[in-house]
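Let's walk through this one together, with a few questions and answers. Keep the view open while you read.

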Amino acid sequence: MSQTNVAAPTPTAGPATKRPPRLRIRTSWVPVLAAVAILIIMFLAAQLYFGRFLTPRLLSSLLVDNAYLMVLAAGMTFVILSGGIDLSVGAVMAFTGMLAAKLLLIGVPVAVVIPTMLAAGAVSGLIIGIMVQYFDVQPFIASLAGMFLARGLCFVVSLEAIQVKDPTVLGLQSTKLGDFEWYLTPTGIIALVVIAIAAWVLGYTRFGRTVYAIGGNVHSARLMGLPVARSKVLVYVISGICAGIAGLLFTSYTAAGYSLNGIGTELDTIAAVVIGGTLLTGGSGYALGSLIGVLVYGVIKVSITFLGADSSWTRITIGVLLLAFVVVQRLIVRRANRH
Amino acid sequence: MSEGPVVEVSGARVQFAGDVALDAVDFRLFAGEVHSLMGENGAGKSTLIRAITGVLRLDAGTILIDGQPADLTSPAAAQRAGISTVYQEIDLLPNLSVAENVLLGREPRRWGRIDWKGMRSMAGEALARLGVDIDPASTLSTHRLATQQLVAIARALTADVKVLVLDEPTSSLDQDEVAELFRVIRSLKEQGVAILFVSHFLEQVYEICDRITVLRNGRLVGEYMTTDLLRIELVQKMLGREVVDLDLLASRTVPDAMSTESEPIVSATGISRRGVLPPTSVEIFEGELLGLAGLLGSGRTEIARLLSGVDSIDGGVLRVDGTATHLHSPRDAMLRGIAYSSENRKIEGIIGELTVRENITLALQAQRGWFRRMSRARQDELSASWIEALEIRPSDPEKLAGRLSGGNQQKVMLARLLALAPRLLVLDEPTRGIDVGSKVEIQKLVTDLVESGMSVIFISAELEEVLRVAHRVLVLRDRRVIINADADSLSLDSLLAAVTKADA
């Protein structure tokens, strides 16, 4: 970095801007901390109400059962941070699962099938990204088109569910590492690794910071000379690849590919990301927050099951929580702007 | 100083949908010199800057950097060519940290990973050179505007800068901060950086600049050395004197009814808005044409917006027909017979995607309420009559308004407001950026309206125009009314002197 040298300022003149106190929580972390608080409160409430809720088994299953959702949320975090939205992920997840099941059925080796799944996700993301960036299509519309396309392709592959018997794919879910109480499956590990990579990329790479910049103000990002076009397309490609990985995890979880899998999952993903503190308008949020968001979602689902209530209550609760979070975020943003 | 210019623009032409924003403009920038680009609103300053910094491309003409044809296809390309820019609106990212705003895109990295610590210290040093002491890790939006502006300047300076473009960098800085900035500019100048400095503060221009280029209506007026150009000459060149057929307006008569015994239709006593306008009083009588003169930022638009309900007032009393009223919105104002035409024809006026007919009938329809839809026949009749009355060309009411020339768009806007039959029409720079012919037509139209009893507030950057059209003129400087007099008692020279703050 070459710098132009400028003489040191004269000691007298120095427009002093007050240094903010060192130990202050960044406003962008506030929603994430709120999500953590909610998670803890829910844990405690469930423990008090059900008696035996906070068990190692339940905590382990919370992670494992929602592994696919974590991966989707990681990809969605990129998209939402850039100010976009990706409605295609549920359908793409179903499609890559179908594709895998079908390919395995006709005898294609698993070493080919898994890369194919990821590639299919990437291509779908690439198409959406190109539509958004180069044809100026609203992300909502572009990814809606992607969703219909992927869902339609599911039916082309097969109308019936296709069972998966491949030991590698099934092993991702059935292999339990750890003792009987605390355990982790390869699917859970994959999910955590994906979250970790997402967090690293967003926090420590030029691309990651460009995503935040685009979400903050595309116009400014372009004037600053940042690679806006490339980054914006890449964001959807990442979300597509994540959908491919989620397809693998979900197939392993359900041991089958089915064309009606994952309907509405894109909305659960978006809800988890938003509850995890990412601003829907973009530019603020964290991959770790999305992990918390998924866990909140998981706890709600489990609690509803424990209560024996109808599963539609999961959606209702998520809806209420989402509404509350969006309002909280608006208030935070408004306070920050008043500065 | 060195031989040729660092940046040389020749024959630049830029056109936006029919409006010529820049036409045959030449411009040179020398190493080790501070060069100011001067001109009123719509003169083409921003357009030229955007061309030099790679934001938009010239429709015709060339830009040479160091004598070589430059490939300025994007802001990134311009930055690679050594052109750093601080834009007029602070184009930073409020959601990121100060350090990132200074260094984003060229952060120090270690093994592909951003070196946050190194980045914070680099940003801290860059800011320290501007005399700013803030935590580089803090979020940009937590700082006040002036600090943000200094951050933008720090960003421009951390690049390998050959040409530094500063578009109104001082608009939100206080005196000390300006002094600090000027110190940095001088030091850069000594190192041979070419600096383009745009500001509408004349004092600052005269303090720091070596050379001045004046633009008017997208055309080049000339290039001058600051030492050779008197302030009054500069203002004259910026505002221009166009020879217009005066006969058209010769029949101007000041209505007698307007004398003191009659009640003003709108009278504002000490109206103000925090941070926008200090307490100001204005009165306008029936059938009067009140001109507001002053430079950009003098408060002329601010008054218009307060009088017509676009911005609401914080203090003072606004009386319409003698009754104190509070205008909450332009709609409120319209219901009381006050119509406002914005200086931003494109953004706040004409809806380019709608037809001329729809644009004309829009306001009247809105006033009637959307449930009492005007019949198509009524709309056709209305638009046809206004197209004829105002001689809008082309005369096809179904043409998209965006396709019309600037002058005709202005007439469509006028037609929209006139269809409401207002009693007071507030026109903010109705003749800006349109050709001389249409200008005269609009001036004539306004005079006719006034003769038929309507009151008009006419704002223009062209002093001569104000003087010729108005019955009474308010001259503004630094958001204060400094002259309130009959147009007949004023001369162009006295106006010029008042506006520029030089001794008359």
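Q: Buried or exposed: which is Cys154(A)?
A: First, a heads-up: this is a predicted model, where local features need pLDDT of at least 70, side-chain atom pairs count only at pLDDT 80 or more, and totals for chains, interfaces and linings use all residues. Residues are numbered from 1 along each chain as its sequence is written, chains are lettered from A and ligands numbered from 1 in the order in which they are written, and side-chain values use heavy atoms, leaving out hydrogens and water. Buried means under 20% relative accessible area, exposed over 50%, and partly exposed in between (1.4 Å probe, protein chains only). Cys154(A) has 0% relative accessibility, so the label is buried.

Q: How many disulfides are there over all chains?
A: A disulfide here is a pair of cysteine sulfur atoms within 2.5 Å. Take Cys154(A): the closest cysteine sulfur, in Cys242(A), is 18 Å away, so that's too far for a bond. Over all chains, the count is 0.

Q: Why is strand 21 of chain B largely enclosed by the rest of the structure?
A: Strands are DSSP runs (E, at least two residues), numbered from the N terminus. Strand 21 of chain B covers residues 472–477, and it's largely enclosed because the buried ones number 5 of the 6 residues.

Q: Which residue stands opposite Leu474(B) in strand 22 of chain B?
A: Two strands pair if DSSP finds at least two bridges between them. Strands 21 and 22 of chain B run antiparallel, joined by 6 bridges. Opposite Leu474(B) you'll find Asn484(B).

Definitions and conventions: Helices (H or I, at least four residues) and strands (E, at least two) are DSSP runs, numbered from the N terminus.
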